Amino acid sequence: MKEKSKRGNFTSSFGFVLAAAGSAIGLGNLWKFPYIAGESGGGVFMVFYLVFILILGVPFIMSETAIGRKTQLSTIGAYRSINPKWTFAGIIGVVCAFFILSYYSVVGGWILKYITVFFTSGHTTAAAPGYFASFTANPVEPVVWHLVFMAFCTVVVLFGVEKGIEKGSKIMLPALFVLIVIVAVRSLTLGGNAMEGVKFLFIPDFSQLDSPAKVANVAVQAMGQVFFSLSIGMGISITYGSYLKKDSNLVKNSFIIGGLDTLVALLAGLAIMPAVFAFGFEPAAGPSLIFETLPAVFDSMPLGNLFAVIFFILVFFAAATSAIALLEVVSSFFIDSLGWKRSVATISTASVMALIGVFASLSFGPLKDATLFGMGFFDFLSYLTDKILMPLGALAMCLFVGYSWKPKSAAEELAIGRGGFRAVGLYSALMRFVAPALVIIIFVAGLINK
Ligand code: TRP
């Protein structure tokens with residue numbers, strides 16, 4: 001646990017919003033969101049996604065930042081200081097971050113590989129049919145890239161995050177934003193069936209929801225994605241909130257963070273789906289969507305190679321900033337709570353995660369047939385975190401606020417820095433009844449569905 005006297009503060013709300021958005025915006029927005037939306041029916045998924053952002057995402061960020069600013073402690077210490085019985089809620093978050101990073105890094109490795117391919121052999125290679133599948137099935141190459149990605153993050157965490165990556169992300173995030181707009185415009189103007197992609201994303205086809213199992217499936221996908229994308233249930237916002245001054249407006253900041261994250265996800269959808277339809281690809285392609293379809297988009301645009309290199313470098317930075325935050329969450333637990341040295345904690349946790357990631361990577365190739373609960377190992381890790389640990393962490397958080405700390409205390413904290421908080425009744429009903437009920441129903445439905 002960090003000592004109160006040593007804590008820094010964000011110099012401005014803007015700095016906090018950027019840092020929080022930088023951790024939230026990552027592979028979840030650029031890689032996961034488009035493919036999950038594609039697999040889960042497009043528009044129907046989008047409706048659930050946006051509703052969950054509003055009724056779960058934003059209130060949860062508000063609550064987490066309130067816990068953090070009130071206690072001035074990072075996740076586990078924050079829960080412990082309000083009610084020691086709830087320490088486990090913080091522990092769920094750390095375990096979850098641990099498993100996320102072990103497969104996140106595999107995807108980070110794919111991004112690195114694509115950057116080098118665009119540099120060396122150009123977009124036509126990467127756009128060739130079957131290229132991605134044969135690359136990921138290779139027993140050595142993707143494993144090496146995954147280890148390189150993990151090593152990079154480890155070095156950054158060892159040598160300090162603030163000066164390098166924080167400054168870098170202040171440049172990279174706006175740049176990413178500009179580039180994704182360019183790619184989206186290009187994708188939207190491809191002609192042919194491009195507009196079908198927009199319709200697919202934004203016009204829900206409710207006739208798809210013809211059985212309760214299907215409704216549950218889309219709902220569980222959307223909720224898992226909201227939690228993943230906003231890094232909810234892992235106490236990230238508790239830790240960030242603990243660095244905030246009393247004059248910052250937690251409610252407004254939470255809306256801005258949720259809004260920015262959603263905006264980047266929607267732009268990623270608009271960059272990818274119209275192109276998918278224009279080129280006659282399958283929107284439900286799954287995890288390979290950004291690695292097969294985007295190269296095809298770049299293949300068809302002037303200076304495609306240049307755009308491809310820049311785009312994948314920016315995806316890399318988005319991924320790296322999130323991965324570094326994840327590694328920081330896990331290693332700071334060992335540093336703060338178990339008193340390990342920073343170097344020991346960082347290197348040993350990163351090594352164990354890297355090892356787990358090796359198996360996740362191999363599950364696309366040599367270990368394809370080794371399944372756990374009917375899933376390959378990579379998919380299993382993703383299922384375990386998105387559909388089990390994150391909902392559990394989020395459930396623990398809202399029950400904690402609803403019944404232990406009490407919504408009234410949270411509302412008092414939320415009122416500071418904005419001249420009052422009038423929606424106490426609504427907030428309290430959300431945290432005590434609506435959110436827990438929704439999370440439990442969707443969680444159970446997801447388990448039964450599987
Ligand atoms: N939100 C990140 C993304 O969209 C992934 C993530 C989940 C994360 N939990 C986190 C990042 C905790 C940093 C810290 O890619």
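What takes up the space of the largest cavity? In this predicted model, it is the ligand. A cavity here is a set of points on a 1 Å grid over the protein atoms alone where a 1.4 Å probe fits but cannot get out, and a molecule sits in one if more than half of its atoms lie within 2 Å of its grid points. Two or more residues of the shell around the ligand come from each of helix 1 (13–24), helix 2 (27–39), helix 5 (87–120), helix 11 (212–229) and helix 15 (304–338); helices are DSSP runs (H or I, at least four residues) numbered from the N terminus.

There are 16 residues around the ligand (a heavy atom within 4 Å), and A24, G28, Y104, F228 and S229 come nearest. Polar contacts are pairs of N or O atoms within 3.5 Å. Y104 brings a polar side-chain atom to 2.6 Å from a ligand oxygen, while a backbone N or O atom of G28 lies 2.8 Å from an oxygen atom of the ligand. On S229, a polar backbone atom is 3.0 Å from a ligand nitrogen. As for cover, the protein buries 100% of the 360 Å² that the ligand exposes when taken alone (Shrake-Rupley method, 1.4 Å probe).

F228 also has a charge over its ring: the charged end of K32 sits 4.0 Å from the ring centre (cut-offs: NZ of Lys or CZ of Arg within 6 Å of the centre and within 35 degrees of the ring normal).

Residues are numbered from 1 along each chain as its sequence is written. Side-chain values use heavy atoms, without hydrogens or water, and side-chain atom pairs count only at pLDDT 80 or more.

Key. Predicted model: local features only at pLDDT ≥ 70, side-chain atom pairs only at ≥ 80, totals over all residues. Polar contact = N/O pair within 3.5 Å; in protein donor to acceptor, adjacent residues only side chain to side chain. 1 Å grid on protein atoms, 1.4 Å probe; cavity = no way out; pocket = protein on both sides within 12 Å on 5 of 7 lines; lining within 4 Å.
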